Every structure is written in C-alpha cells, then in structure tokens.
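Student: I am new to this structure. Please take one part and look at it closely. How do its helices pack?

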Amino acid sequence: MSASSVSTPVARSQRMSFVQQRLWFVEQLQAPAGVANPAVALRVFGALEAERLAVHLGQTIARQEVFRTRYVLNANDAPEAQVLAQAHFLLRQEDFSQQRKQLERRLQQEQQARFDLTHPPLLRGLLLRLGENEHVLLLVAHPIVIDQPSLVRFANDWMVAFAQTLEGHAAPAITSPAGGYGDFAAWQQQEWHNGVWAGALHEVCDTLRGVPELLKLPWDHARPTVQAHAAQSLSLPVPAALLANLAAAGERHDLRLDAMLFGLYALLLGRLSSQTDFCLGVPVDTRAAASLESLPGHFENLLPVRVQL
C-alpha cells in the first residue's frame, strides 16, 4: 500500500476527535473484523494516462494532513494522532478486462481489507482496467481519517481538478482550509472540557434510559458472534408522483420529506419487529462552521433517535 512510515519524521502530534477515539477503540475491540471502510468507485471512460492520473492523485493526497496521520499509543498508553511530514501513496493497477463479471466482488474485497493505523496514508487506491477506454478507480479509506460523504466530496473535487489539467487548464490545488482537522478535534475537546455540552448529554441520557438494546427483526439467520461488514445494497426507484404526494403530506403537518420518510421507516420496523420502543441511528454532520465544508475528515456521527409507537 505504501512505503513504511517508521522512519518518517513526525511533524507534530495532535488531539483526536471523539469519533476518532471511538473508532480507534472499536478497531482494537473488533479485530480481526475491524470497522467498515468508506469507499468511492469512479468509472472513467475514454483514453486514460494511468501514470499521469497516479501522480496527480498522489500529489493531491500528500497535501492533505488527514491522510498523512498515523494513530499510535503515546507514553501514557493513550491513542494519539501524529501527522507525518510525508506519506507515500501508491496507486495499484490491475488488468481486469478478462474478469469483468468479478468486478463487484473485487471492489468489495478491496473495501473490506483492513488498514494498519500506524502506517499512513490511511487511504488506498486501486485502478482496474476493464478495456482500452474503460477503467474503474476505487478509493478506500479508514473511517478514522474521513467519513463517506467527505470522501465522496474529496474524490469529486479531485476528479474536477484532474479533468482541468487534462484540458490544459491550470487547476487550483486541492488543499485544506486554514485550520486542519486537528484544530477541529482540539476545539471539540476544549468545548467538552469547558462543560458546554453537559446539559445536552444529560438530556440525551434521560431520553435513552430504558430503551431496548436490540431491534428484534425476523431475520432468516442468527446474528453472527463476530460482527462483519459484508453487505449488499438494494436500490428501488420511487415514482416522482409518490415523492410529491409524500412531500405534500409532510407540508400539511410541518414535516420535511426526510422526516416523513424516517417516520414511515420507523413504522415499518415497528410492524416487522412487533416492538413499540426502539432506537434508530441517524447520521448527522458535526461541522460547526461553514469554513469546514471542504475540509476532509470524519465529521459524521450517529444520533440515536428513540422511537416510541
């Protein structure tokens, strides 16, 4: 994946955010399964200079501190983030033109492969050649450095910049805004130390007190003893007229469409499980300022919402 970072100078050590601390702990707890890695696959059509793409992508990744960070135990046996002066990114390339039917399996296999948190960059790339004018670029990261929406945003920004260079335009370098993710983590820790969130924490604890630990759905198989992250997705088209009707119904009750869909989903789960009290996790973005919008990092957290039917 990358050259060893053991001898690479450490630029500085910095605090870890709460979500990073949690992910580090889960990584140790769930070995060898680890945690679920965010990934994004980009399909590229047309003639492609693979080496040029690899160099441009590597330079872009090298400018991001979050990808040059390793996570180790310090002298006090506490996890610590250490930003390295450099971390070498290697884009692996495979000819998959004779194995197109195995593409989905290969992408899933790459996404599930574990990272070593002590050896950045904690983002790896795989370029699969499907034909002379067709490629798939897969970027996989460890969630301790970036969440899924941030990875998608980073990949899209990079693709735009790379396309501009191919057209002969001088594309602006993709760099982090002033104040990196380490500054966000330090601010978060300071807010906690100052007791800013104490009231909100007590309110959440009171709301969740006594909630059942599991949502007992009628699965056709037992829960595994060791959690795995192998999964599949199913996409179902929703007619535009149905969405419009749902949105209109929501407006009559001062509800947004996402709130309407969440409520319907909760009703479905309640009906399938025969439970009237359970929790659902809702992903929320914890960015505290608009200036952090373009900053890569893990800002997503799960908000537990108690459903009582």
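Tutor: Helix 7 and helix 8 are roughly perpendicular to each other, a label for angles of 65 to 115 degrees. The model is predicted: local features need pLDDT of at least 70, side-chain atom pairs count only at pLDDT 80 or more, and totals for chains, interfaces and linings use all residues. Residues are numbered from 1 along each chain as its sequence is written, and side-chain values use heavy atoms, without hydrogens or water.

Helix 7 covers residues 240-252 and helix 8 covers residues 257-273. Helices here are DSSP runs of H or I, at least four residues, numbered from the N terminus. The two axes cross at roughly 100 degrees and come within 8 Å. Axes are lines fitted to C-alpha atoms over the stretch in contact, and angles run from 0 to 180 degrees between N-to-C directions.

Now the contact (heavy atoms within 4.5 Å). Helix 7 brings Leu243, Leu246, Ala247, Ala249 and Gly250. Helix 8 answers with Leu257, Met260, Leu261 and Leu264. Eight of these residues are nonpolar, one is polar and none is charged. Nonpolar means Ala, Val, Leu, Ile, Met, Phe, Trp, Tyr, Cys and Pro; charged means Asp, Glu, Lys and Arg; the others, Gly among them, are polar.

Turn to another pair. Helix 2 (residues 50-62) and helix 4 (residues 148-166) pack at about 130 degrees, with axes 11 Å apart. That makes helix 2 oblique to helix 4.

Conventions. Helix = DSSP H or I, 4+ residues; strand = E, 2+ residues; numbered from the N terminus. Parallel < 35°, antiparallel > 145°, perpendicular 65-115°, else oblique.
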